[in-house]
Amino acid sequence: MRGSRKDEGGSLEYWEETKLMHRLGLAARSTMMTGAATGAEEIVVNGTVAVCDPMGGLYLPESGLLVVSDLHLEKGAAFARRGMMLPPYDTIATLNILSAVITRYDPKIVVSLGDNFHDRKGSEHLPQELRSLIGAMARGRDWIWINGNHDPDGTVDLPGACTDELFYGGLVFRHEPSLISGPRGSKGEIAGHLHPAATVRRREKSVRRPCFASDGSRLLMPAFGVLAGGLDLRHQAMRGLFDHETLVAHLLGRDRIYSVRYANLIG
Amino acid sequence: MDIVETQSSGRDAALLPRPFQTWFAEKGWQPRAHQLELLSRATAGENMLLIAPTGAGKTLAGFLPSLTDLTRRGKIPPGSAFTGIHTLYVSPLKALTVDIERNLMKPVTEMGLSVTVENRTGDTPQAKRQRQRLNPPDILLTTPEQVALLLANKEAERFFKDLKYVVLDELHSLVTSKRGHLLSLDLARIRRHAPHVRTIGLSATVADPMDLQRWLVPQSQRETGRPAPPAGLVHVTGGAAPDIAIMKTDDRIPWSGHVSTYAMPEVYEEIKRHKTTLIFVNTRFQAELLFQTLWTINEDNLPIALHHGSLDAGQRRKVEAAMAANRLRAIVATSTLDMGIDWGDVDLVVHVGAPKGASRLAQRIGRSNHRMDEPSKAILVPANRFEVMECQAALDANYLGAQDTPPVGEGALDVLAQHVLGMACAEPFDPVELYDEIVSASPYANLSWEMFERIVDFVATGGYALRSYERYAKIRKTKEGRWRVSNPQVAQQYRLNLGTIVEATELNVRLVRRNANGSLGRGGPGRGGLSLGKVEEYFLEQLVQGDTFLFAGKVLRFEGIRENECLVSNAFSLDPKIPAYAGGKFPLTTYLAAQVRSMLADPDRWSVLPDQVRDWLNIQRDRSIVPKQDELLIETFPRGKRFFLIAYCFEGRLAHQTLGMLLTRRLDRIGAHPLGFVATDYSLAIWGLSDMGAMIGSGRLSLSDLFDEDMLGDDLEAWLNESYMLKRTFRNCAVISGLIERRHPGKEKTGRQVTVSTDLIYDVLRTHEPDHVLLEATRRDAASGLLDIGRLGDMLKRIRGHITHRDLDRVSPLAIPIMLEIGKEPVPGEAQDAVLQEAAEELIAEALG
């Protein structure tokens, strides 16, 4: 309807991202998107070249490592366990996108950066056909599950290793961004947890999208799961994590990344 | 039957037990004829509907059958077996139950009746509720939500088995909403516990009393399966005719817009001339703006107050108290003050903006002079020239006693889901028995067994084709084939989520100080500032820091959002940047629309209109034509580099918006290159790059094809599937049906709560299970509500073969109002990546520059 703002939707929490429709569109189109990495954006984090992919994955060409974060698999089931029967299709949708990114980059290593499952019971109760899907994706490469706050106990009966942190190629991979600066802290850190999203506004129109956020020293990953939601980069939970002078948000567009300097975002 | 007189002849006074006769005599009163009529028929076993104007003694009439019966019964001796409630009174407003308790206790005490009366609302303390279940009062005054709670309890049968009467107040307003649907289901359940219970409906005048008369009785009786005879009708007419005028102004009446600021000097003069003036407006935004305007000219510092639903509850209570104590000279209010509460000595009602419906106008005018024999006094203040006609039409309608309340409508499916779970909480249910009970409620009389089964399945496991939640089922089938709740937490969850009113997500507005250097007040933002009330989230989402807007009578500067609060500072400006605030805007009713069309078509009736409006219509007649009553006028003309098509449908904004969406799709297909449209209550404007007038002239574009009813088929379906608007409807359905938990203000966890957005659920469902029952419920809701599809369909039928086209060389007089609306509408959410692209290009320019 003309005149109905698309922002009128019903987020249950004001900071929950509500406008992630395109991730589902992505899931639907993901089979067609496995070709060359069009629309991706190359950046440098702590001296390492990294490719931000519009599907939400980060690829490090030098080491052949692909990072995804906050898959929140089985979120629907986690709610159903508590009496809210959310649609049971989120896991398959998220895995379809993941499969497309993996096909696109054919990485040697996949790192899933925590909150891989929405709750502790998620991986244990994962239906067999979804389990096989992950098995197929992991074949022929290393897979590392970083533990998150939602799933601190690691995964059950899935390929790959579980760990709290990973140091690799001059970078550190962990779920929650460290509050300590310097090496082994924020310097060279790739983290998730906060689901960064950003809003740009031009001529009365505003668009909000999940984003990679990096000031060149550390990088925050966008949430990958289709039901994961997002938190504005200007929210106070993000305070102190970045040098705002050099912070750039790399927003996930339909087919490409849009990079916008922090000062040009609105909150 | 129609009863015109207000005093009885005393013929039926014998119906009244002795204490009542004495009481009436001592007061020097006579029972009114309609009170006795209702009493005698209800006592004889009839279900009854009483339609009467305000001040006719409706409440006493509704309770007389109960009070007399209870008087005859006498006090229950101590030590008797448990006795359940005798009478259940249900009102839509908590405040009304408190009011009624006070009004009812007066005669009860004065006559010395041994009748216990108590109310039970969300505010009733837990201990008292507990006690009420163990030792129920004779008469319980409550709300629909509380009835549902009582019925979902294991002791429901015991509590309701002795029930003789259910009195339903303000029935006309209850039945058209989802609350009414829930109440109808509850009534069906009550009848199972108390098969001989009688219903007494109290209502203001409605378009079709038979709808209500049927609503009050079971639509299929246990023994016969046939509907019970409709409730008996007592219709009190008469009362003094209201004195209504349209505000005359020396100023220019605006062409478009919805704020009648131009007339405020005149309104102010009226306030000075009267004791207490109630100023009704249609939207909060109007309320804010007019309140501010009045204060800028309030040279005498008259106590003028503001009252609308977004204000802080504390502030609202203060205003209400001041009003009741007659300390105010005027109050600017929205529909929050619409219903049945006494408002002191109001001697003038000013209605700003067109009333949009004749019934609504009558209801609001009823707020002044709460006595039946004195005329109410009201002044209408139209906001633009079309509204002048609308006000005149409403005025005629009120004199004619015409009514245009919406129809009762089909029962909503999300409400049904809630009820099914509630019934499982009460006791394990047999599906066939429950289905029979449900279809005895008139809104659900047409519910199919298949749909009922899908709802039960939805309640149990979400109703998905992928049956992966069986082990988490909320209700399960027992060996005996009954459905029972899986665990006590489910019942707990039901109680917390019960109800059909879903609040829009709102943020608290807090005033903070802004220091000279631009930083916010000391001690960190958000601390210690004054709380001003709540604003819908979607409204705030479109603001950027520094934007100014009007709220709580102040011009405020938006500073940002922190946690669940919106921080604002004083703008120290009189000129807010006023964003559209569409919340609470009513569309024009079908009835009033027809009246406006008929007035337009009949130049003889123009004589009552102000000169400016008459001249406007006369010029229209010269330049183009004025459409006949059942004719659809289409005008086309070029302006700037664009071509416009205006359709004067007069079917209300919602139906026009739907029509605009569908027509632009069709025009696009035909190759007319439409660029956009805008809709008002009266007309629809579409503009594009191709000369639509020439296309119609050459036969390339056929108007009868364009306006064919078949647009409500595939085109509608295709649009709905990509529309963002359905999401809001879906959210309500998701909450009411129990798919997601209701938010409980103040109980949210701080920090990131584990939660999920309904928009995302909607998208997942649409992608993976487009036929899901909750999407079906959403579509049905939208069709009857936001989209107004029924009305659009009626119009398309009506105008078939009656479309008149005028190709003009420039904008017509009648088109001016809508042309002025163009550009005020926000841009739709498409072309998003283009916005991103621009933002990105700015960065590139910055980098290279």
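Which residue in strand 7 of chain B does Leu49(B) stand opposite? The residue is Gly201(B). The model described here is predicted.

## Strand 2 of chain B and its partners

Strand 2 of chain B covers residues 48–51. Strand 7 of chain B, residues 198–203, pairs with strand 2 in the parallel sense over four bridges. Strand 8 of chain B, residues 232–236, also runs parallel to strand 2 and is joined to it by four bridges. In that pairing, Ile51(B) stands opposite His235(B).

Both faces of strand 2 are covered. Met48(B) and Leu50(B) are buried on one side, and Leu49(B) and Ile51(B) are buried on the other.

## A six-stranded sheet

Chain B also has an open sheet of six strands, paired in parallel, in the order 9-14-13-10-12-11. Its edges are strand 9 (243–246) and strand 11 (304–307), each of which pairs on one side only. From one strand to the next, the twist averages 20°.

Within this sheet, strand 13 (residues 348–352) and strand 14 (residues 377–381) of chain B form a parallel pair over four bridges. Here Val352(B) stands opposite Val381(B). Helix 13 of chain B, residues 313–324, packs on the sheet and touches strand 11 and strand 12 (330–333). The direction of helix 13 makes about 135° with that of strand 11.

## Nonpolar cores

In soluble globular proteins, nonpolar side chains tend to be buried together. The largest nonpolar core in this model has 186 residues. Val67(A), Leu50(B) and Ile455(B) have the most contacts inside it. Helix 16 of chain B, residues 413–426, gives the largest share of this core, nine residues. At least three residues come from each of domain 1 (2–236) and domain 3 (413–501 + 726–769) of chain B.

Apart from neighbours within four places in sequence, Ile455(B) is in contact with Leu413(B), Leu416(B), Ala417(B), Val420(B) and Val773(B). A second, separate core has 112 residues, including Ala287(B), Leu659(B), Tyr682(B) and Ala815(B).

## An exposed lysine

Lys275(B) lies in the loop between helix 11 (264–273) and strand 10 (277–280) of chain B. Why is Lys275(B) exposed? It counts as exposed because 12 other C-beta atoms lie within 10 Å, and the cut-off for exposed is 12 or fewer.

Once neighbours within four places in sequence are set aside, Lys275(B) is in contact with Asp345(B) and Asp347(B). The C-alpha atoms of Lys275(B) and Lys727(B) are separated by 46 Å, and these two residues are 452 residues apart along the chain.

How values were computed. Residues are numbered from 1 along each chain as its sequence is written. Chains are lettered from A and ligands numbered from 1 in the order in which they are written. This is a predicted model: local features need pLDDT of at least 70, side-chain atom pairs count only at pLDDT 80 or more; totals for chains, interfaces and linings use all residues. Two strands pair if DSSP finds at least two bridges between them. Helices (H or I, at least four residues) and strands (E, at least two) are DSSP runs, numbered from the N terminus. Axes are lines fitted to C-alpha atoms, for helices over the stretch in contact, and angles run from 0 to 180 degrees between N-to-C directions. Two residues are in contact if their C-beta atoms, placed from the backbone, lie within 7 Å. A nonpolar core is a set of buried Ala, Val, Leu, Ile, Met, Phe, Trp, Tyr and Cys residues joined through C-beta atoms within 7 Å. A residue is buried if 20 or more other C-beta atoms lie within 10 Å of its own, exposed if 12 or fewer, and partly exposed in between; C-beta atoms are placed from the backbone. Domain bounds come from an automatic or database domain assignment.
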